[in-house]
Amino acid sequence: INEYYEGLIEAGGKSEYLWDLTLIGFILVSISEMPAMVQNWATQYEFLKGFYQNFNPGTKEDDMIRSVSEWSQFILNQYDTLDLSILEKCPKNKFVPRGQDIYKGVAPEVMSIVKAIKSTTNLETIPITEQRGSVKQAADITKGWYPEATCHIIEKHILPHQLNIRVYLPKIDSWNVPVLLWFSDWCIPNLDSQSHICRFIAHNCNISVINVDQRMSPENKFPDGVNDAFDTLKWVYENADELGINKEKIMVGGDTFGANTAASLSMKSRDEQGPAILLQALITPVLSNNRTSETRELYSDMFFIKEQTINEYFDHYLGDTTEITNPMVSPLLGDHSNLPDTVLFSAEFDVFRSDSEEFCEKLKQNNINVTYRSYDGYTNGYFGNLYYKIGQKSINEFCNIVKEKLEN
């Protein structure tokens, strides 16, 4: 049933009656001896429409839409041997009740990207390490998607591993300003792709933002990335005067896998008596590899972050798969006491939203101050992205929250 439904979607099936045609096709293929013909989904889709219309000569497609529910029910009634309980066993991300659109409620601009991606090369066929060369090009292409902001930028290299960091200061003579350490990815270096986000936050919050380019996986396995983040945190604390920052107001943050690094760093610094962290800012964070969470099952193959990609990232990141339960890999599973105030932004169709909501609840149970936002109609990648209607609003709201936290 899942294969049939997805195939008809690929063939351009209309959502109003697609589930009914799926049932018709499934019944005909699995119970009768009729050949499946599913090698070509467009042919199969046309066949199913024709099959209905042969029994209803002259039926227009609009009439078919209105009556096909009755028709599929008629077929169901003819086959008492069909065990309808199998429908309850369909994975939630595939099972869509009759007449319901799987993409209902998704913002139009998200859908336009989904359709564009489907018409181009499938990224899942390109190894993550081979995608690295396109990051700078992609950053240039999407430059207009992000708000412009002016600030002073300094490039640094930190021992012992010659880590690249990029320091964004609101002004060239900034002094004693709070600082946000920003992390981005496990596998793809992306100082350039995060530049516009860092600029905007630095300028609008009047803080320093330090974008950290820790060692990448799969060449460097866990815990190298978290250790690099911790080394950077200590270096920033020890060199606060040189950097013009206030070492008593250090924040950490990141987007998706980078948010995982930030959350892990908060726990590591607490456990190893490192510098105090004032705030952790997590944007659509990856907090575990829980494949059975509700939103992971619902949305992991609908948008941009596919199930295969998530698992590939974890495979690259971990040298030992048993480390998946380590709180430095899965902060959702850790001790949530004595952690910094938390700002967490999610989205209705974020595949990691279930984990984010559970994480926030665990923080609240430990008396941690949590500010949570979730944007209806959107998925990962909206933050500060002007292509999305919510892009500017989300980063503005983020900056206002950060400023309010700093004032208090």
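In this predicted model, strands β6 and β7 run parallel and are joined by five bridges. Within that pairing, Ala 281 stands opposite Val 343 of β7. On to the next pairing: β7 and β8 are also parallel, here over six bridges, and Val 343 stands opposite Thr 371 in β8. Strand β7 is largely enclosed by the rest of the structure, because six of its seven residues are buried.

These pairings belong to an open sheet of eight strands, which follow one another in the order β1-β2-β4-β3-β5-β6-β7-β8 with mixed pairing. The edges are taken by β1, residues 152-158, and by β8; each has a single partner strand, so one side of each is left without a neighbour in the sheet. From one strand to the next, the twist averages 20°.

Two helices can be followed against this sheet. Helix α13, which spans residues 353-365, packs on the sheet and touches β6 (279-283), β7 and β8, and its direction makes about 160° with that of β8. Helix α14 packs on the sheet as well, touching β3 (177-183), β5 (245-255), β6, β7 and β8, with its direction at about 170° to that of β7.

Among the contacts with a separation of 6 or more, 76% are made by residues 24 or more positions apart. The accessible surface comes to about 18600 Å², and carbon and sulfur atoms account for 48% of that area.

What is the arrangement of the rings of Phe 345 and Phe 383? Their centres lie 6.2 Å apart and their planes stand at 85°, so the pair is edge-to-face. Because Phe 345 lies in strand β7 (residues 341-347) and Phe 383 in the loop between β8 (370-375) and α14 (391-407), the pair ties together parts that are 38 residues apart in sequence. Phe 345 is buried, with a relative accessible area of 0%, and Phe 383 also counts as buried, at 5% relative accessibility. Phe 345 and Phe 383 both belong to one aromatic cluster, which they form with Trp 182, Tyr 375, Tyr 382 and Phe 398.

The charged end of Lys 247 sits over the ring of Tyr 237, at 4.8 Å from the ring centre. Arg 296, in helix α11 (residues 294-299), is buried, with a relative accessible area of 1%. Leaving aside residues up to four places away in sequence, Arg 296 touches Ser 288, Asn 289, Asn 290, Arg 291, Glu 307, Ile 310, Asn 311 and Val 351.

Finally, the backbone deserves attention. Most residues other than glycine have a negative phi, and most peptide bonds are trans. Against that background, the peptide bond from Ser 217 to Pro 218 is cis, with omega near 10°, and another cis peptide bond, with omega about 15°, joins Phe 222 and Pro 223. Pro 218 is found in the loop between β4 (208-213) and α8 (224-238), and Pro 223 has its place in the loop between β4 and α8 too.

Positive phi values occur at Thr 284, near 35°, and at Asn 338, near 55°.

Conventions. Residues are numbered from 1 along each chain as its sequence is written. This is a predicted model: local features need pLDDT of at least 70, side-chain atom pairs count only at pLDDT 80 or more; totals for chains, interfaces and linings use all residues. Side-chain values use heavy atoms; hydrogens and water are left out. Rings of Phe, Tyr and Trp (its six-membered ring) pair if their centres lie within 6.5 Å; planes under 30 degrees apart count as stacked, over 60 as edge-to-face and the rest as tilted. Helices (H or I, at least four residues) and strands (E, at least two) are DSSP runs, numbered from the N terminus. Buried means under 20% relative accessible area, exposed over 50%, partly exposed in between (1.4 Å probe, protein chains only). A charge sits over a ring if NZ of Lys or CZ of Arg is within 6 Å of the ring centre and within 35 degrees of the ring normal. Contact means heavy atoms within 4.5 Å. Two strands pair if DSSP finds at least two bridges between them. Axes are lines fitted to C-alpha atoms, for helices over the stretch in contact, and angles run from 0 to 180 degrees between N-to-C directions. Accessible areas come from the Shrake-Rupley method with a 1.4 Å probe; for residues, only the protein chains shown count as cover.
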